[in-house]
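Biologist: Let us go through the labels on this model. I will ask what stands behind each one.

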Amino acid sequence: LEAFGASLGAGWPREGSRFLRRSRAAAPPVAPPALYLDGGYGVGKTHLIAALWHSVAGPAAYLSFAELTAVIGFVGMDEAVRACSRYRLLCLDEFELDDVANTLMAVTFLRRVLPGEGRPDGTRVATTSNSVPDQLGEGRFAADDFRREIAAIAAHFDVLRIDGPDYRASSVAPVESL
């Protein structure tokens with residue numbers, strides 16, 4: 001995640017961090033065009049991409065995957081791609097395929113907005129999910145009929161597994177409402 005942020009001109013690595021000391025000795029790794037934070041509930045994935053979004057110098061957008069599909073449905077694919085292409089980074093929280101329509105929207109959107117053939121400066125994407133990319137949509141709709149599209153979506157991302165306990169199940173007492 002630090003390498004991904006550094007490749008965007010983000011505020012990482014911070015002075016004094018172990019990463020900075022290591023990175024001066026070796027060339028920084030090449031960051032992928034899209035990063036997928038996979039992990040269970042309550043492990044901090046959303047906090048990590050929010051921190052990434054806050055650290056990026058330049059235009060960046062943060063929205064939920066449901067908000068992205070709503071924007072595409074409201075303004076159309078061409079306008080959504082045009083609007084999102086002006087950002088250096090697009091953070092999508094809770095990426096999940098719930099139906100055929102958002103599966104087809106997601107594969108088309110990612111193909112058109114990410115760096116690729118003819119678009120070396122495309123928008124980079126960081127997303128969170130509770131399902132690994134090649135298992136998106138399982139149990140929600142006839143995902144087996146859309147394996148090719150799901151595989152195309154998964155192929156865009158490097159997966160970073162975030163492990164840990166669900167912080168919501170900790171012994172820390174929740175703040176009581178007034």
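Modeller: Buried means under 20% relative accessible area, exposed over 50%, and partly exposed in between (1.4 Å probe, protein chains only). This is a predicted model: local features need pLDDT of at least 70, side-chain atom pairs count only at pLDDT 80 or more, and totals for chains, interfaces and linings use all residues. Residues are numbered from 1 along each chain as its sequence is written, and side-chain values use heavy atoms, with hydrogens and water left out.

Biologist: Why is Asp38 called buried?

Modeller: Its relative accessible area is 4%. The limit is under 20%, so Asp38 is buried.

Biologist: What makes Arg161 and Asp38 a salt bridge?

Modeller: A salt bridge needs a side-chain nitrogen of Lys or Arg within 4 Å of a carboxyl oxygen of Asp or Glu. Here the closest N and O atoms are 2.8 Å apart, so the pair qualifies. Arg161 lies in strand 5 and Asp38 in strand 1, 123 residues apart. Strands are DSSP runs of E, at least two residues, and helices are runs of H or I, at least four, numbered from the N terminus.

Biologist: Why is Arg161 called partly exposed?

Modeller: Its value is 47%.
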